[in-house]
Amino acid sequence: MSATGLGASVKRKEDIRFITGKGRYVDDINRPGQAHAYFLRSPHAHATIDKIDASAALASPGVAAVFTGQDIADDKLGGLICGWMIHSKDGSPMKAGAHPVLAQGKVRYVGDHVAVVIADTLSQARDAAEKIVVDYGVLPAVADPAKAVGGPNIHDAAPDNTVYNWHLGDKAATDAAFASAAHVTKLDLVNNRLIPNPMEPRAAVGDYDSGTDTITLYTTSQNPHVARLVLSAFIGLAPEHKFRVIAPDVGGGFGSKIFIYAEETVCAWAARKIDRPVKWTSDRTEAFLSDAHGRDHVTHAEVALDAAGKVTGLRVHTIANMGAYLSTFASSVPTYLYATLLSGQYNIPAIYAEVDAVYTTTAPVDAYRGAGRPEASFVVERLIEMAARETGRDPAEFRRQNFITQFPHQTPVIMAYDIGNFAGALDKALEHADYKGLPARKAASAAKGKLRGAGFSAFIEACGIAPSAAVGSLGAGVGLWESAEVRVNPIGTVEILTGSHSHGQSHETTFAQLVSERLGISIDNVSIVHGDTDKVQMGMGTYGSRSGAVGMSAISKALDKIEAKAKKVAGHVLEAAESDIEFKDGKFTVKGTDKAIDFASVALQAYVAHKFNGQELEPGLKESAFWDPTNFTFPAGVHICEVEIDPDTGIVTVERYTAVDDFGKLINPMVVHGQVHGGIAQGIGQALMEGAKYDEDGQLVTASYMDYTMPRADSLPSFTVDTIETACPSNPLGIKGCGEAGAIASPPAVINAITDALGHEDIAMPATPVAVWRAAQKRPRLAAE
Amino acid sequence: MVQVAMTVNGKAVSANVDSRTLLVQFLRENLRLTGTHVGCDTSQCGACVVHVDGKAIKSCTTLAVACEGASVTTIEGLAHGTKLHPMQQAFQDNHGLQCGFCTPGMIMTAVDLVNRKGNALDEATIRHELEGNICRCTGYHNIVKSIAQGAREMATQPQAAE
């Protein structure tokens with residue numbers, strides 16, 4: 001392993017600009033003559049718009065334009081789309097209501113877009129917006145997904161607010177497993193609604209060049225090509241060749257910046273409309289109101305065991321809140337990203353899942369770090385832990401007894417796990433967590449009047465999303481390959497153009513490590529180009545832990561072509577047969593001789609083209625590739641959380657957190673560990689403190705950092721993070737992906753630890769101090785008390 | 001409009017601004033010092049932390065006119081040329097950042113923390129003192145390590161007075 005090759009913890013190249021304040025985020029971009037957009041948002045969760053009078057706003061100082069849904073309709077712009085078709089049990093397609101860019105006739109959640117004011121300064125736009133008079137006809141709201149059916153009808157297209165009633169698995173076989181079960185464990189749970197909260201709020205700058213009739217949109221996107229595709233092909237803003245989308249430095253996404261939103265659509269459209277650049281930057285409360293939220297499931301789940309403790313069946317019914325509109329990939333999250341993982345790490349012969357997706361008068365809900373897989377892992381790992389406890393089995397050994405040990409393994413819910421070593425991760429986690437020492441630590445806590453518990457989570461996820469034909473057969477509107485282009489310059493430096501997008505994932509370093517490894521050149525001679533549709537031809541972007549497994553595989557494939565071409569050039573220069581050329585550590589040699597030429601010299605020779613016939617071998621050294629994965633990848637691991645609870649205050653302290661994950665081959669362990677840390681923190685946030693709350697009128701009451709509790713440094717411990725390795729067989733680099741694992745694994749580990757400490761299962765997420773205090777009052781009394 | 005003058009990163013600056021202009025707007029929009037970020041507008045997240053007369057403040061809730069005559073240091077003023085401040089170096093060494101958006105505020109807060117609490121900082125102190133800074137990427141694990149290293153190295157490398 002070289003110092004900057006695969007497997008080395010190379011310090012990040014991108015850090016220098018970020019630690020010196022030279023990052024370039026969308027809000028740092030200003031265009032000459034730029035105007036500022038302010039969105040007038042609905043104060044009501046559900047209302048008809050009877051009249052909008054914007055005359056006073058239009059006459060306000062500095063105002064260039066005021067636009068409403070009518071202007072969008074007059075320009076025949078399409079609505080925002082949901083790109084994954086789900087069919088109900090009865091075969092009918094999902095029932096999606098229209099999602100206009102600016103509201104037309106009706107608003108459906110607090111924060112819905114009623115009008116946009118564009119002015120010379122943001123203050124002027126904001127002041128003018130206060131002068132817009134809107135007559136609303138207020139309608140009843142419904143925020144709770146369990147009350148959506150039978151609630152006020154939100155979209156005419158979706159009777160009973162039902163988008164689909166979907167199912168997966170074999171109902172008859174599952175019912176039979178339950179009928180013959182020796183023990184059944186049942187669980188009702190709510191997977192709490194979360195707000196992603198990347199620290200950089202969303203932003204957009206639309207810029208129109210009337211000379212070339214071209215729109216440039218700077219936007220906080222995880223997938224700028226997908227944004228361009230949707231805005232071109234479905235919304236009809238401009239054809240792709242007249243439309244450039246740039247996602248520069250992006251300050252975190254966690255899923256929320258995958259989607260195509262109203263605000264960037266309006267900035268791009270309005271820039272052409274008023275022939276002036278238009279900029280919008282979300283403030284934090286707008287982000288709470290209008291970024292797509294995550295999770296929000298109400299679930300009943302059951303697991304069946306035989307007398308020997310073997311899991312024989314699992315059945316689940318989930319109501320999934322879609323919010324007021326179907327966001328870009330919303331429909332796929334509680335279906336193919338959720339129920340397909342309900343087998344967990346276990347050999348379960350029969351599984352049946354039903355999912356009812358409903359509209360409510362709340363912000364749209366879509367993928368948030370993990371997207372469906374944290375919800376699945378919470379169901380499975382809570383049930384397994386409870387089943388072990390109810391049947392008097394050790395939770396670690398009960399898991400081990402049911403682990404899948406033979407690979408490949410076909411689950412009853414579509415997925416075919418390719419490889420894994422679940423017991424290996426468990427053993428290592430038990431050792432790191434000092435599980436044997438737990439009874440003594442529990443006794444020590446009890447002596448102080450505290451409650452201590454440990455909880456397991458043996459999670460699995462499907463990443464490397466995904467084989468295009470497979471997702472196409474399941475309803476996806478796109479293919480999920482990735483592209484790469486390798487441009488070798490005449491002096492031997494390299495530019496990698498990738499359709500992946502880094503918004504914290506470290507691609508400028510990790511992708512350069514692959515090039516360094518393969519071509520034997522310094523990472524300083526490699527630059528990674530991403531996030532610009534004019535530079536990179538096409539790409540599908542970064543989400544679902546796919547940039548390594550899919551994006552880097554595309555680069556690897558393009559590097560194969562570079563190496564093959566360079567060997568031909570080297571053969572001409574060294575006057576040897578191509579088949580006698582070997583390439584290692586950046587040098588081409590002729591087998592069995594001391595004749596050699598380095599990579600940079602071959603690059604130069606490829607461009608000067610003096611040593612070969614340009615009709616037989618094309619000059620230049622530039623290759624591209626598309627990689628379409630052959631399977632999902634299956635990162636998995638075992639996390640163990642240990643908590644101490646003060647029963648007098650309800651405060652939960654995470655005392656130890658151990659994660660042992662199998663991500664396949666690691667590119668940069670430092671970066672991998674960092675991804676795991678961040679994911680765990682978000683999962684602990686979900687388990688202990690985060691939760692979006694709408695009141696009965698549909699008002700979001702957690703719309704600032706004073707009301708929505710974010711994990712802070714003093715609410716978390718340092719983590720013990722380690723890995724095991726089974727190389728992924730479905731991509732050339734053997735990697736599985738690590739971006740979401742922490743957020744998928746940790747919520748059940750934390751809740752299992754709390755319930756272990758409490759001695760009962762009655763606690764919901766988030767386990768806030770008041771909730772834990774109440775739960776602690778209900779615990780079985782200890783003999784000493 | 002009102003005239004405001006101050007020293008930013010050692011340079012005298014002045015401008016005619018709307019009286020409601022916040023310090024962060026003055027830095028970002030008038031001076032084009034875009035390293036200082038706005039993450040929440042409500043003094044909760046700390047992405048906007050700069051030093052005013054040597055003390056950390058949140059520039060998203062400070063009026064520019066309130067800094068008349070003050071000496072302001074932003075993230076752009078921390079390094080000496082190409083030589084990184086030890087706290088900046090520590091963040092790179094320990095992978096204390098991912099997306100980089102909270103990072104300028106974290107580093108400015110960390111330097112202030114060392115100025116107030118000294119160079120030997122335990123984990124509990126660092127975690128407690130970060131109560132005004134939110135990071136969504138790192139889980140704080142590597143930020144805590146970065147600050148501990150940066151604090152130690154600030155003792156051995158003399159810093160210019162702000």
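**Figure 1. Strands β26 (residues 636-646) and β27 of chain A pair in the antiparallel sense over 11 bridges.** Two strands count as paired if DSSP finds at least two bridges between them. Helices (H or I, at least four residues) and strands (E, at least two) are DSSP runs, numbered from the N terminus. Gly637(A) stands opposite Asp661(A) of β27(A). The hairpin of β26(A) and β27(A) has 4 residues between the strands, and Gly650(A) takes a positive phi near 80 degrees there. This is a predicted model: local features need pLDDT of at least 70, side-chain atom pairs count only at pLDDT 80 or more, and totals for chains, interfaces and linings use all residues. Residues are numbered from 1 along each chain as its sequence is written, while chains are lettered from A and ligands numbered from 1 in the order in which they are written.

**Figure 2. β27(A) also runs parallel to strand β28 (residues 720-724) of chain A, joined by 5 bridges.** Val660(A) has Asp722(A) of β28(A) as its bridge partner. β27(A), α17(A) and β28(A) form a right-handed β-α-β unit. Right-handed means that, with the strands pointing away from the viewer, the path from the first strand over the helix to the second runs clockwise. Strand β27(A) (residues 651-662) is largely enclosed by the rest of the structure, because 9 of its 12 residues are buried. A residue is buried if 20 or more other C-beta atoms, placed from the backbone, lie within 10 Å of its own; it is exposed at 12 or fewer and partly exposed in between.

**Figure 3. At the interface, 41 residues of chain A are in contact with 45 residues of chain B.** Contact requires C-beta atoms, placed from the backbone, within 7 Å. On the chain A side, α1 (15-19) and α17 (669-688) each give two or more residues. The largest share, 7 residues, comes from α17(A). This side divides into 16 nonpolar, 14 polar and 11 charged residues. Ala, Val, Leu, Ile, Met, Phe, Trp, Tyr, Cys and Pro count as nonpolar, Asp, Glu, Lys and Arg as charged, and the others, Gly among them, as polar.

**Figure 4. Chain B is divided into domain 1 (2-76) and domain 2 (86-155).** The bounds come from an automatic or database domain assignment. The C-alpha centres of the two domains of chain B lie 21 Å apart. In all, 15 residues of domain 1 are in contact with 11 residues of domain 2. On the domain 1 side, β3 (49-52) and β4 (55-58) of chain B each supply at least two residues. β3(B) provides the largest share, 3 residues.

Terms used
Two residues are in contact if their C-beta atoms, placed from the backbone, lie within 7 Å.
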